[in-house]
Amino acid sequence: MNFQLKYASSKSPDPIQAVAEFAKILNHEDIKTVIFFCSPDYDLDVLGQELKKSFSCTCIGCTSSGQIGTQGFQHTGLVGLGLNKNFSAHTFTIHPLKNYAEMVSDIAEVIHRDCEDRPTLHRFSLLLVDGLSMIEERLTASLYQQIGNIPIIGGSAGDNLRFEKAYVYDGDGRFISDAAVFAVIETQSTIVTFKVQHFRPSKIELVITEADPERRLIFEINGEPAAFAYAQALGLTVSELTPTVFSRHPLVLSFGDDPYVRSIQKWNADLSLTCYCAIEEGLIVSIGKAEDPVQTLECAFSKVRETLPDPVIIGCDCILRRIQFEQEGLEQQIANVMVQNRVVGFSTYGEQYNGLHVNQTFTGIAIGG
């Protein structure tokens, strides 16, 4: 490949040692941008300060629910990569998230000016968001609508399924919640953005007749209490609805021929459904039908390689997928596919793909030489 890209990782639980091991590999004068994903179990105050001391270049990162590195899935530690001087990054911290609308307008203005000044460069954007903020839908849509023809790939920061606090790195030594980091990366290298999920729409269609998208709640489906209608469509009772049922039968929203997964988190005492992603009232959705996850991932990477023979891939992979892989004994097979295709990334609380927030999906940026 005609650009220098370095992978780095550390499994050390000590934040000082982890950054030292990470920086030893990446600290090179040609490295201009570092992208990393880390365990939330670190002392993040120490980790942040060590990153600031170790790297004078742009650093972009967040906490995760597991990482993806050169050895496959990594449950602890720190992983990432360094991009050389053939890449430049404009980074923006959006904090607090309630003020995103004004900040997005300012970001768009900067990006538009840069695109006019350097129109021949390829660009992609990476969006990392507090995965407990419940604002990803509005933020992603606003960014995509305003920045123009630049693809967005991203993931929601996690905290190892504790659902307490998720953090993004502000680039200045601090990990912060209620925040997002948005980076527009420019390069002369060829770029392909893509998504893959192993669910397709079934013939079972449901109409969302009452919902609260901001709280990600569905109250009614087909005019019936949501949990009752969903269970009935599967031939189950409400009491039989479990996290495993939800993970194997997500809701799927279709735009043309392209499916987007909306996962259910739980059912509530009032028979409403809490989702991991907003679903608006009036939409027609299908219950997802599973396909072979190994085969669908291999096919997606194969299609990317038709354009880019030897890419490096930055990946955001839903934690719900990883849980399913572990339950079904597929984790090592999937990990092998990730390693073979040079993926570095993290397990997320949700994924961003252009203007949409989705679940149970792998979103990726493939970078060619």
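In the predicted model, helix α7 and helix α9, the latter spanning residues 331-340, pack at an angle of about 5°, and their axes lie 10 Å apart. Because angles under 35 degrees count as roughly parallel, α7 is described as roughly parallel to α9. On the side of α7 the contact is made by Pro-293, Val-294, Leu-297, Glu-298 and Phe-301, and on the side of α9 by Gln-333, Ile-334, Val-337 and Met-338. By class, the contact of α7 with α9 has seven nonpolar residues, together with one polar and one charged residue.

Helix α7 (293-307) also takes part in the second largest pocket, being one of the elements that each supply at least two residues of its lining, alongside β13 (191-196), β14 (199-212) and β18 (258-262). Of these contributions that of α7 is the greatest, with six residues. The second largest pocket holds about 380 Å³ of space and is lined by 17 residues, of which Lys-195, Val-196, Cys-299, Ala-300 and Lys-303 lie nearest its centre. When the lining of the second largest pocket is divided by class, eight residues are nonpolar, four are polar and five are charged.

The largest pocket has a volume of about 490 Å³. Its lining comprises 25 residues, and those nearest the centre are Leu-161, Phe-163, Gln-265, Tyr-276 and Leu-320. In the lining of the largest pocket, 14 residues are nonpolar, nine are polar and two are charged.

The crossing of α1 and α2 is right-handed. In this contact, α1 is represented by Pro-15, Ile-16, Val-19 and Ala-23, whereas α2 is represented by Val-46, Leu-47, Glu-50, Leu-51 and Ser-54. The residues of the contact of α1 with α2 divide into seven nonpolar, one polar and one charged.

For α3 and helix α4 (residues 136-147), the packing angle is about 30° and the axes are 9 Å apart, an arrangement that makes α3 roughly parallel to α4. The crossing of α3 and α4 is right-handed. The contact is formed from α3 by Tyr-100, Val-104, Ser-105, Ile-107, Ala-108, Ile-111 and His-112, and from α4 by Arg-138, Leu-139, Ser-142, Leu-143, Gln-146 and Ile-147. The contact of α3 with α4 contains eight nonpolar residues, four polar residues and one charged residue.

Most residues other than glycine have a negative phi, and most peptide bonds are trans. Against this background, two local features of the backbone may be noted. The peptide bond from His-95 to Pro-96 is cis, with omega near -5°, and Pro-96 is found in the loop that runs between β7 (87-94) and α3 (100-117). Arg-216, although it is not a glycine, has a positive phi of about 60°, and this residue lies in the loop between β14 and β15 (217-221).

Terms used:
Residues are numbered from 1 along each chain as its sequence is written. This is a predicted model: local features need pLDDT of at least 70, side-chain atom pairs count only at pLDDT 80 or more; totals for chains, interfaces and linings use all residues. Side-chain values use heavy atoms; hydrogens and water are left out. A crossing is left-handed if the near helix is turned anticlockwise from the far one by less than a right angle, and right-handed if clockwise. Helices (H or I, at least four residues) and strands (E, at least two) are DSSP runs, numbered from the N terminus. Contact means heavy atoms within 4.5 Å. Ala, Val, Leu, Ile, Met, Phe, Trp, Tyr, Cys and Pro count as nonpolar, Asp, Glu, Lys and Arg as charged, and the others, Gly among them, as polar. On a 1 Å grid over the protein atoms alone, a cavity is a set of points where a 1.4 Å probe fits but cannot get out, and a pocket is an open set with protein on both sides within 12 Å along at least five of seven lines; lining residues have an atom within 4 Å of a point. Grid points are joined across faces, edges and corners, and a volume is the space filled by probe spheres set on the points. Axes are lines fitted to C-alpha atoms, for helices over the stretch in contact, and angles run from 0 to 180 degrees between N-to-C directions. Angles under 35 degrees count as roughly parallel, over 145 as roughly antiparallel, 65 to 115 as roughly perpendicular and the rest as oblique.
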